[in-house]
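Colleague: I am new to reading protein models. Can you walk me through some features, one at a time?

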Amino acid sequence: MGMEKDSVAAPFIEVEEDGNGVLQSIHFKNSENFNFAFDVVDKLAKKCPDKLAMLHIARDGSERSFTFYDMARYSSKVANYLQFLGIGKGDKVMLVLKRHYQFWFAILALHKIGAVAIPATNLLLKSDFEYRFKAADVDAILCTADGPVSREVDKATRSYKKLKVKVMVGASRPGWRSFNKEVKYFSSHFSRPKGEAAFSADDPSIMFFTSGTTSYPKITTHNFKYPLGHYVTAKYWHQVDPDGIHFAISDTGWGKALWGKIYGQWLCEAAIFTYDFDDFDAKEILQMIEKYKITTFCAPPTVYRVMVHMKLDQYDLSSLQHVTTAGEALNPEIFEKFKSKTGLTLMEGFGQTETTLTIGNLVGTEPKPGSMGKPSPQYAVEIMLPDGSLAQPEEEGEIVIKTKEEIPDGLFMEYYGDEEKTQAAWHDGYYHTGDTAYCDEDGYFWYVGRTDDVIKSSGYRIGPFEIENEIMKLPYVLECAVTSVPDPIRGQAIKASIVLTNGAEASDRLKSEIMKSLKKNIASYKWPKILDFTKELPKTISGKIRRKEIKENDWNENEDTE
């Protein structure tokens, strides 16, 4: 049961479902030489050449439709072009291409060559590029012509001399090759490499820089089998419709784009929707869903936190079949508000740059608001206590993935160039995620926080998420983050940083009202000592709240005053 025999995924993935389509098990096979570009995209170009692969909307509103035949053809042209520029098997190529449609041509081309793609954000500056170039031994870069990015790259290359090729997409300037002008001269036929140019599915294919908070970003390395790991992501979590269109908000500069903008969706033969916007505007996103009849939608909780404060009944969202969220834990209050306004159930999921979807509300799961869901059958997930024993129900511990018997496709290979960090995260037959949670009697996982987000106050271990949930229930709160501050008696005290909705005014009276609500609903040892109203919270590129930045500012401030 489960997969159609003529599916492009069938030769590589075997699933077992129950009578209701609920995933029971998944097995990867024949994947020793798997290559997504050849084995999925090129095969779809033959199987259904005219089927829509991507509908792309540029910043100016212009529309481009790309079929699977187009994707196969253009990626081959780019592969020939990049080889002409001297890029070969194993070379590391940074892609700073925002949501430009050329990103898809380029990443598929790198897969065809056997090179390593390094997606990166256009927000990086000179020092960011310097670190990333050196840390990853970058050989080449494909860069957007938008904004100052290329100039920042040029500044970084004054100290980094190993960059062989610089290619600009969208325009050209001295010292850069012009992608748009040059690529059109190359053949649209590219054969699978053989002999010395051939590569294995176990070779590195993708490198992501994780969003570093207390140290420089780590480099998460995945092999060519990584796309297979996203079959569950797309089919059983996003629940993409092969005849519909999937819209994931993410920018191509971070890992979540590959969760929702290429691999799993095309393994399921579903089209993707891409809007190449610069600044997030919830009204524009809702208009896109309405206009283009989006069937499945995925966004971080930040997006839904904005949407629930809007008049959603002004938009026709009837085409939406399923909505999902990941990136950070979803507050139950947002879950309930979104459902009451749209009738849609937000299906939360959890994973990392190092993994694919690991825990989630998959097909057949009845979500419990605030819970991440249950472990994907793809991974053997446990909760481990600090002493290395496995937790009982309701006991908080670290989320770990068992790797003793088998390393699942989708799990990263290593932190490139850092054996110490690799071994710190991956030892004794387990990959240690660094995230804490507990599992209830029904098998649902509940997020607590990062292991280093846990607040230790007066002997209590306190996860921020439960306190944040209570604060988020208040109608005038848009966002909040709970962190620790130094306390001479408790060791650590609790601080809540709060962003108010438009129209709400910060005041001592409002602080008293918030504390009154908290005292009614959570235990006294979890009460914040400090309530701080702020205009915005620091966030990563992917929209996650950077609790560590708030915490570090408070702790460093305290050191300065001592």
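Modeller: Gladly. Keep in mind that this model is predicted. Let us start with cysteines. A search of the whole structure turns up 0 disulfides.

Colleague: Where is the nearest cysteine sulfur to Cys-298?

Modeller: That sulfur belongs to Cys-268 and is 14 Å away. A disulfide needs two cysteine sulfur atoms within 2.5 Å, so the search applies that cut-off. Cys-298 is in no disulfide.

Colleague: Is Cys-298 buried or exposed?

Modeller: Buried means under 20% relative accessible area. Cys-298 has 2% relative accessibility, so it counts as buried. Cys-480 is buried too, at 5%.

Colleague: How do strands pair in general?

Modeller: Strands of a sheet pair through backbone hydrogen bonds, either parallel or antiparallel. Here, strands E1 and E2 (residues 23-28) pair in the antiparallel sense over 5 bridges. Glu-16 stands opposite Ser-25 in E2. The hairpin has 5 residues between its strands, and Gly-21 takes a positive phi near 80 degrees there.

Colleague: Which side chains of strand E1 (residues 13-17) point to the buried face?

Modeller: Ile-13, Val-15 and Glu-17 do.

Colleague: How many strands form the open sheet?

Modeller: The open sheet has 9 strands, in the order E4-E3-E13-E12-E14-E15-E16-E17-E18, with mixed pairing. Its edge strands, E4 (63-67) and E18 (374-375), each pair on one side only. Helix H2 (residues 68-84) packs on this sheet, touching E3 (52-57) and E4. The direction of H2 makes about 85 degrees with that of E4.

Colleague: In which sense do E14 and E15 pair?

Modeller: E14 (residues 296-298) and E15 (residues 322-325) pair in the parallel sense, over 3 bridges. Phe-297 has Val-323 in E15 as its bridge partner.

Definitions and conventions:
Residues are numbered from 1 along each chain as its sequence is written. This is a predicted model: local features need pLDDT of at least 70, side-chain atom pairs count only at pLDDT 80 or more; totals for chains, interfaces and linings use all residues. Side-chain values use heavy atoms; hydrogens and water are left out. Buried means under 20% relative accessible area, exposed over 50%, partly exposed in between (1.4 Å probe, protein chains only). Helices (H or I, at least four residues) and strands (E, at least two) are DSSP runs, numbered from the N terminus. Two strands pair if DSSP finds at least two bridges between them. Contact means heavy atoms within 4.5 Å. Axes are lines fitted to C-alpha atoms, for helices over the stretch in contact, and angles run from 0 to 180 degrees between N-to-C directions.
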